[in-house]
Amino acid sequence: MPPEILTGIMQSAQTISDLLDAYRQTVPDMAPHFAMLKNALAQTLAKLVQSGAGATSPTATGPAFPAAFDRGISGAGTQ
């Protein structure tokens, strides 16, 4: 998974977490359920971060390695 996607997921998850906190304050009788959802979200994100964005290989599509730029090689898809 590209790091940009992982970053977007993490930012979206923070928004979801903030919403769950707001819901918990708005509907106190459902607070334990919203807390459970927030914990499940945190556990899922921890697994996602643990698996990480993965290493980029020299043959991966996308931008070229910085070392490739030093050698005058253009990015992927350009010639």
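## Basis of the model

The model is predicted: local features require pLDDT of at least 70 and side-chain atom pairs count only at pLDDT 80 or more, whereas totals for chains, interfaces and linings use all residues. Residues are numbered from 1 along each chain as its sequence is written, and side-chain values use heavy atoms, with hydrogens and water left out.

## Helix H2

Helices are DSSP runs of H or I with at least four residues, numbered from the N terminus. Helix H2 comprises 21 residues, 31–51. Its expected span, 1.5 Å times one less than its number of residues, is 30 Å, which agrees with the 30 Å between its end C-alpha atoms. After H2 comes Gly 52, with a positive phi near 70°.

Ala 31, Phe 34, Leu 41, Leu 45 and Leu 48 of H2 are buried (under 20% relative accessible area, 1.4 Å probe, protein chains only). These residues lie on the same side of H2 because they cover an arc of only 105° around the axis, taken from the directions from the helix axis to the C-beta atoms.

The face turned away from the buried side carries Pro 32, Met 36, Gln 43, Lys 47, Gln 50 and Ser 51, which are exposed (over 50%).

Helix H1 (3–26) is included in what covers the buried residues of H2. Leaving aside residues up to four places away in sequence, Leu 41 touches Ala 13, Ile 16 and Ser 17 (contact: heavy atoms within 4.5 Å).

How values were computed. Helices (H or I, at least four residues) and strands (E, at least two) are DSSP runs, numbered from the N terminus.
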